[in-house]
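Please look over the sequence and the structure before reading on.

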Amino acid sequence: MADLRQTLRAFARERDWEQFQTPKNLVMALSGEVGELTEIFQWLTAEESAAVMEGGRSADVEDELADVLIYLVRLADVLGVDLVAAAQAKMIRNETRFPAAAVRGQATRSPDRSARDS
């Protein structure tokens with residue numbers, strides 16, 4: 001992750017794009033890329049979506065996933081967030097919120113969740 005962050009930082013710096021890569025702009029770009037990924041899956045059945053990499057859209061899926069990751073890593077870098085540490089901390093909280101024995105096989109969300117738990 002650190003190598004990717006450095007590569008993206010250098011890419012932006014070499015093009016003088018840092019001035020445009022504000023948190024707001026990066027979130028908007030990230031959202032747009034998630035939308036493009038969503039479009040690929042939008043009208044697929046569950047079975048078709050599970051097999052999407054076997055069809056003719058695998059390169060599109062890979063490109064959109066890469067775009068999402070690139071903007072997410074760049075946003076985290078601009079904001080000074082360690083994504084790996086944040087994800088690990090979130091998983092520790094999720095272990096408490098969703099004990100395996102209590103939620104196994106259930107797709108519902110906890111009714112008492114706070115905005116912080118999302």
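## Helices H2 and H4

In this predicted model, the axes of H2 and H4 lie 9 Å apart, and the two helices pack at an angle of about 160°. Angles over 145 degrees count as roughly antiparallel, so H2 is roughly antiparallel to H4. The crossing in which H2 passes H4 is left-handed.

On the H2 side, the residues in contact include Pro 23, Leu 26, Val 27, Leu 30, Leu 37 and Phe 41. On the H4 side they include Val 61, Leu 65, Val 68, Tyr 71, Leu 72 and Leu 79.

## Helices H1 and H4

The axes of H1 and H4 come within 10 Å and cross at roughly 85°. H1 is therefore roughly perpendicular to H4.

Which residues make the contact? From H1 they are Leu 4, Arg 5, Leu 8, Arg 9 and Ala 12, and from H4 they are Leu 69, Ile 70, Val 73, Arg 74 and Asp 77. Six of the residues in the contact of H1 with H4 are nonpolar and four are charged, with no polar residue.

## The largest pocket

The volume of the largest pocket is about 240 Å³. It is lined by 14 residues, and those closest to its centre are Phe 11, Trp 17, Gln 21, Ile 70 and Tyr 71.

Three helices each supply at least two residues of this lining: H1 (2-14), H2 (23-41) and H4 (58-79). Sorted by class, the lining has nine nonpolar, three polar and two charged residues.

How values were computed: Residues are numbered from 1 along each chain as its sequence is written. This is a predicted model: local features need pLDDT of at least 70, side-chain atom pairs count only at pLDDT 80 or more; totals for chains, interfaces and linings use all residues. Side-chain values use heavy atoms; hydrogens and water are left out. On a 1 Å grid over the protein atoms alone, a cavity is a set of points where a 1.4 Å probe fits but cannot get out, and a pocket is an open set with protein on both sides within 12 Å along at least five of seven lines; lining residues have an atom within 4 Å of a point. Grid points are joined across faces, edges and corners, and a volume is the space filled by probe spheres set on the points. Helices (H or I, at least four residues) and strands (E, at least two) are DSSP runs, numbered from the N terminus. Ala, Val, Leu, Ile, Met, Phe, Trp, Tyr, Cys and Pro count as nonpolar, Asp, Glu, Lys and Arg as charged, and the others, Gly among them, as polar. Axes are lines fitted to C-alpha atoms, for helices over the stretch in contact, and angles run from 0 to 180 degrees between N-to-C directions. Angles under 35 degrees count as roughly parallel, over 145 as roughly antiparallel, 65 to 115 as roughly perpendicular and the rest as oblique. Contact means heavy atoms within 4.5 Å. A crossing is left-handed if the near helix is turned anticlockwise from the far one by less than a right angle, and right-handed if clockwise.
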